[in-house]
Amino acid sequence: MTAPVLIAGGGIAGLALGLTLHQIGVPFHLFESSREMKPLGVGVNLQPHGVRELLDLGITEADLDTVGLPAREWALVGLNGREVYAEPRGRLAGYDWPQYAVHRGQFHMLLYRKLLERAGPDCVTLGARVTGYRREGDGVVAEVAMADGKTRQVPGRLLIGADGIHSRIRAQMHPGQPPIHWGGAVMWRGTVRAKPLRGGSSFVGLGTHRHRMVIYPISHPAEDGTALINWIAEVTVDASGGWPDDAWFKPVEVADFLHHFDAFRYDWLDVPAMLARADCAYENPMIDRDPVPTWVEGPVALMGDAAHAMYPTGSNGASQAIVDARVIGAKMLEHGVTPKALAAYDAQLCGPVSELVLRNRGMGPFGLLSLLDDRCGGVFDDIDDVIPEAERRAFMAGYKAAAGFAIETLNAAPPTIPPGARIV
């Protein structure tokens, strides 16, 4: 029997890869450390280049509508509540595919259900963490710690580390890597049932680059006009002492941080009142990892957050994980299920995406708010007097090009994986 491709991690990256490998006829097995798949997390945006790949995987817009809705506008608003920049998104912007704002946990479970429906329940082992690997012959052997305390040695043709920012596979591949990077931004995030802002499906960034809110709906509106609203509240503090907590993601009370946003009251939005009605609230630092020179070591590769954990400022992490999976599949079609395919994947994406990690560390598209703060402290009467429209549009165009979803380039690009293509 041909050894399968081993996937370490059952998050968005690992599930997208499993679906891709099943689509092109490559045997695989996925190991996930959780003993049960649960819908964790709140909102996440799927950019048009990510949605394109999902549709090519057979995940329909009707499927996505069950876990979110198309995003139609992206807007930045200054500290005084006045608009800095706004643009349409998805098809309204001219893309051939929509952008979606989804509930991360529900989207994750959608991918998981699709994988089990297509590849069968035996393709996944829960309660199993890949803790290391060794190369053996033309393949690899993964060391897998099982929930019962036993360790298995599992042979595979290739091993793909989709095991997140704390990746054991990355740690073995790059033992001298620096620790997780925290630049001082603390995020509180959660959901609330409320009426959507502006056009009804708008992503709104409000405040400054160091003190801001992000607000957008992640469900279609109910009969009363309300939707499930994802919110992120963020402040930047002194990071010289490192993250002061052992927990990277924990539930908190809104009252613990509400005072930071007392002044965020406008005729179109009362942030303290909105946060007071929140369904839940979680605290976590905004973290990433310094880029590494390669994501590949022979028959082993990294993808998703294991390869390129990035600040969420560009709403690009989930989309890039999906693109990773599709490019790995495309390279296997070209080079076979071989280390050569992984090397080709690394050559195409590692350099550009590493640059994107650093660009997002510089606040990505929210860099406009940094520029605004430098010029006027975030308070203005006429934005054109502070940052002319042409400059604002050029700034955003530069980010989209770096992130891989410039409209003309994406619309003109052929499918990453041709319809019906399979490993012979």
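In which sense do strand 9 and strand 10 pair, and over how many bridges? In this predicted model, strand 9 and strand 10 (residues 139-146) are antiparallel partners, joined over eight bridges. Two of the residue pairs can be named. Ala128 has Met146 in strand 10 as its bridge partner, and Tyr133 has Ala142 of strand 10. The two strands form a hairpin, with two residues between them. Gly137 lies in the turn and has a positive phi of about 60 degrees.

In general, strands of a sheet pair through backbone hydrogen bonds, in either a parallel or an antiparallel way.

The next stop is a loop residue. Phe261 is placed in the loop between strand 17 (250-251) and strand 18 (265-266). Is Phe261 buried or exposed? Phe261 counts as buried because its relative accessibility is 0%, and the cut-off for buried is under 20%. Leaving aside residues up to four places away in sequence, Phe261 touches Trp188, His211, Arg212, Met213, Ala233, Glu234, Val235, Val271 and Pro272. Leu275 is 14 residues from Phe261 along the chain, and the C-alpha atoms of these two residues are separated by 9.4 Å.

The axes of helix 9 (339-361) and helix 12 (389-403) come within 9 Å and cross at roughly 145 degrees. Helix 9 makes this contact with Leu356, Arg359 and Asn360, while helix 12 contributes Gly398, Tyr399, Ala402 and Ala403. By type, the contact residues divide into four nonpolar, two polar and one charged.

Both helices also take part in a pocket. Which helices each supply at least two residues of the lining of the second largest pocket? They are helix 2 (48-56), helix 8 (317-335), helix 9, helix 12 and helix 13 (407-412). This pocket holds about 540 Å³ of space and is lined by 24 residues. Nearest its centre lie Val323, Val327, Gln348, Leu349 and Thr416. The lining is made up of 15 nonpolar, six polar and three charged residues.

How values were computed:
Residues are numbered from 1 along each chain as its sequence is written. This is a predicted model: local features need pLDDT of at least 70, side-chain atom pairs count only at pLDDT 80 or more; totals for chains, interfaces and linings use all residues. Side-chain values use heavy atoms; hydrogens and water are left out. On a 1 Å grid over the protein atoms alone, a cavity is a set of points where a 1.4 Å probe fits but cannot get out, and a pocket is an open set with protein on both sides within 12 Å along at least five of seven lines; lining residues have an atom within 4 Å of a point. Grid points are joined across faces, edges and corners, and a volume is the space filled by probe spheres set on the points. Helices (H or I, at least four residues) and strands (E, at least two) are DSSP runs, numbered from the N terminus. Ala, Val, Leu, Ile, Met, Phe, Trp, Tyr, Cys and Pro count as nonpolar, Asp, Glu, Lys and Arg as charged, and the others, Gly among them, as polar. Two strands pair if DSSP finds at least two bridges between them. Axes are lines fitted to C-alpha atoms, for helices over the stretch in contact, and angles run from 0 to 180 degrees between N-to-C directions. Contact means heavy atoms within 4.5 Å. Buried means under 20% relative accessible area, exposed over 50%, partly exposed in between (1.4 Å probe, protein chains only).
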